[in-house]
Amino acid sequence: MKNPRRASSPVINGWETRRKKKVADITQALSVSPVDVAALRRMAISEGGLLTDEIRCQVWPRLLNVPLDVLDQEPEKVDRENNKDYNQVLLDVQRSLRRFPPGMPDEQREGLQEELIDIILRVLKRNPQLHYYQGYHDIVVTFLLVVKEHLATALVEKLSTHHLRDFMDPTMDNTKHILNYLMPIIERVNPEVHDFMQQAEVGTVFALSWLITWFGHVLSDFRHVVRLYDFFLACHPLMPIYFAAVIVLYREEEVLECECDMAMVHHLLSQIPQDLPYEMLISRAGDLFVQFPPSELARETAAHDDMAASTFKDFDLASTQQRPDSVLRRRRRQKQAALESAAASSAVAQPSAARRFVRLAVMGLTVALGAAALAVVNTALEWAPKLDLFP
């Protein structure tokens, strides 16, 4: 009988070797002058992310272009009584017990909750153009637990004025617009799932808490949360919506086996499995970002509400006369015919299409994220936080 521990040792040893090399690569990237931020982004994206909270304390500020000398500045005192957001923040923080490590002493947790309130109110006071939203505390507590109060304040402030800026507007218009990227991504990869969701009229609200908390509110294992934060901090601000699409696509069989009913599909999708293959999904999200960049999808998202409404009218009319599954099959046949026709008429590839094909061909020759990581990193560097992304 084989020794199971011996049988698994090559896998364990292989990961340990890669882990040690990654730690060495991160140390090297941090030691050069100027710091090799592009290399740090690649490390944050690739397998295992940044590995430890100790490394995150060094790398997260670099990814957000926050100078470490902020630690020398004494944070201002927070005036809670005269802050319009205090009561709502207090309620949300009091409900955040499950975001703290199980077994943490009550006194320590209560102290961290006080710090959490101060960080949020401090950032809002410094930036009156920002508006608090429920779920913001789920993001802030992640930074607090990893990098502690002083550095967390600086990182959250930079994040709030860049990656999270659209969520902190007076209205949810921009948040809804970002959610509108979800269905076009799903449609390009799996038209059957897209059409089923359209038929069920499920919309995209099920993914709202995923997006605005960077999945912090819905994942129970803190290790998975910080792994995703490594990925998102190294990437374009829209990467969380690509990751949301990947989760839906990964659950294709569950979705298609579900009753085609809004409430049923919404309930299924809003319950994220806790045993997802995160590394595989991160890799897939990076690939989809390269294949279908935001610039390509933006034209559709602006009119996506109208498209969805007209699509549903077709479904509604047909479903009064026949079963929804037959409508879906007919729609797929029509779509396939349209795609074949479009492919035939564009036999001479346009330059943009040719460039994408070359990118995908290169990606096909790489392992893990490979070229996808490089492309995501290059895109990320184009909008690094030193720029005003959301004027």
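**Salt bridges and aromatic pairs in the predicted model**

Asp 92 is buried, with a relative accessibility of 2% (buried denotes under 20% relative accessible area, exposed over 50% and partly exposed in between, with a 1.4 Å probe and protein chains only). The structure is a predicted model, in which local features need pLDDT of at least 70 and side-chain atom pairs count only at pLDDT 80 or more, whereas totals for chains, interfaces and linings use all residues. Residues are numbered from 1 along each chain as its sequence is written, and side-chain values use heavy atoms, with hydrogens and water left out.

Asp 92 forms a salt bridge with Arg 95, at an N to O distance of 2.6 Å (a salt bridge requires a side-chain nitrogen of Lys or Arg within 4 Å of a carboxyl oxygen of Asp or Glu). Arg 95 is exposed, at 55% relative accessible area. The count of salt bridges comes to 18. Among them, Lys 84 and Asp 85 are joined with their closest N and O atoms 3.3 Å apart; Asp 85 is buried at 13% relative accessibility, while Lys 84 is exposed at 68%.

A further salt bridge connects Arg 99 to Asp 138, with the closest N and O atoms 3.2 Å apart. This pair links distant parts of the chain, 39 residues apart: Arg 99 lies in the loop between helices H4 (86–94) and H5 (106–126), and Asp 138 in helix H6 (residues 136–160) (helices are DSSP runs of H or I with at least four residues, strands are runs of E with at least two, and both are numbered from the N terminus). Arg 99 and Asp 138 are both buried. Salt bridges with shared partners also join Asp 53, Arg 56 and Asp 230 into one network.

Phe 143 and Tyr 229 form a tilted pair, with ring centres 5.8 Å apart and planes at 55°. Because Phe 143 belongs to helix H6 and Tyr 229 to helix H11 (residues 222–233), the pair ties together parts 86 residues apart in sequence. Both Phe 143 and Tyr 229 are buried. Phe 206 and Trp 210 pair edge-to-face, at 5.5 Å centre to centre and 75° between the planes. Phe 206 is buried at 2% relative accessibility, as is Trp 210 at 1%. One aromatic cluster includes Phe 143, Tyr 229, Phe 206 and Trp 210.

Technical notes. Phe/Tyr/Trp six-rings, centres within 6.5 Å; stacked < 30°, edge-to-face > 60°.
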